[in-house]
Amino acid sequence: DIDLAWHAHQCDPVNYRMYTVQVTKRFLDHDDTIGSGDLQKGYAHTFIGWSQMYHEPYSSILPDFKHWQSGYNLVSVLFPPRGIYRLWRWKKHVSSYKNAVMPYAV
């Protein structure tokens with residue numbers, strides 16, 4: 001998956017630094033030391049965003065809805081249409097991949 005490719009790229013730190021500075025105009029530090037909850041929430045948001053942009057799954061590992069919904073529970077209660085919209089987005093971008101055969105996940 002993408003994270004594995006990113007870590008492989010970092011095995012050559014000189015080229016990794018040159019590439020990230022050239023492409024993004026700054027060094028990208030890929031730090032995996034953040035807390036598990038934040039990491040899982042970020043993963044869920046990345047999965048949905050990638051799916052929306054490229055119409056394909058970000059990874060063969062599906063994120064957990066509770067991590068994607070984390071921080072939005074009060075908004076969903078106060079503004080039910082927003083909660084329904086988030087649930088619809090989740091189903092559209094994650095549920096459709098549950099039964100998909102992904103060759104890289106076999």
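Colleague: What percentage of the 106 residues of the protein count as buried?
Modeller: This is a predicted model, and a residue counts as buried when its relative accessible area is under 20%. Of the 106 residues of the protein, the share that counts as buried is 22%.

Colleague: How many helices and how many strands are there in the protein?
Modeller: From the N terminus on, the elements run α-α-α-α-α-α. The count for the protein is therefore six helices and zero strands.

Colleague: Which element has the lowest mean pLDDT, and which the highest?
Modeller: Over the protein, the mean pLDDT is 75, and 74% of the residues reach 70 or more. Residues 101–106 stay under 50, and the model has nine contacts beyond four places in sequence for them. Where pLDDT is low, the predicted coordinates should not be read in detail. Among the elements, the lowest mean, 58, belongs to helix 5 (residues 73–78), and the highest, 91, to helix 2.

Colleague: At what angle do the axes of helix 1 and helix 2 cross?
Modeller: Two packed helices are described by the angle between their axes and the distance between the axes. For helix 1 (residues 2–10) and helix 2 (residues 13–24), the axes come within 7 Å. Their crossing angle is roughly 115°.

Colleague: Which residues in helix 2 are met by Trp6, His9 and Gln10 in helix 1?
Modeller: The residues of this contact divide into four nonpolar, three polar and no charged. On the helix 1 side they are Trp6, His9 and Gln10. Their partners in helix 2 are Pro13, Asn15, Tyr16 and Tyr19.

Colleague: Leaving aside neighbours within four places in sequence, which residues is Gln10 in contact with?
Modeller: Gln10 is found in helix 1 and is partly exposed, because its relative accessible area of 23% falls between the 20% and 50% cut-offs. Its C-alpha atom is separated by 9.6 Å from that of Asp29, 19 residues apart along the chain. A contact requires heavy atoms within 4.5 Å. Beyond its sequence neighbours, Gln10 is in contact with Tyr16 and His30.

Colleague: How far apart are the end C-alpha atoms of helix 2?
Modeller: Helix 2 has twelve residues, so at 1.5 Å a residue it should span 16 Å. The model agrees with that expectation, as the end C-alpha atoms are apart by 16 Å.

Colleague: Is Lys25 buried or exposed?
Modeller: Lys25 follows helix 2 and lies in the loop between helix 2 and helix 3. Its phi is near 70°, a positive value in a residue other than glycine. With a relative accessible area of 69%, which is over the 50% cut-off, Lys25 is therefore exposed.

Conventions: Residues numbered from 1 in each chain as written. Predicted model: local features only at pLDDT ≥ 70, side-chain atom pairs only at ≥ 80, totals over all residues. Heavy atoms only, no water. Axes fitted to C-alpha atoms, helices over the stretch in contact; angles between N-to-C directions. Helix = DSSP H or I, 4+ residues; strand = E, 2+ residues; numbered from the N terminus. Nonpolar A, V, L, I, M, F, W, Y, C, P; charged D, E, K, R; others polar. pLDDT = per-residue confidence, 0-100. Expected span 1.5 Å × (residues − 1). Buried < 20%, exposed > 50% of the residue type's maximum accessible area, 1.4 Å probe, protein only.
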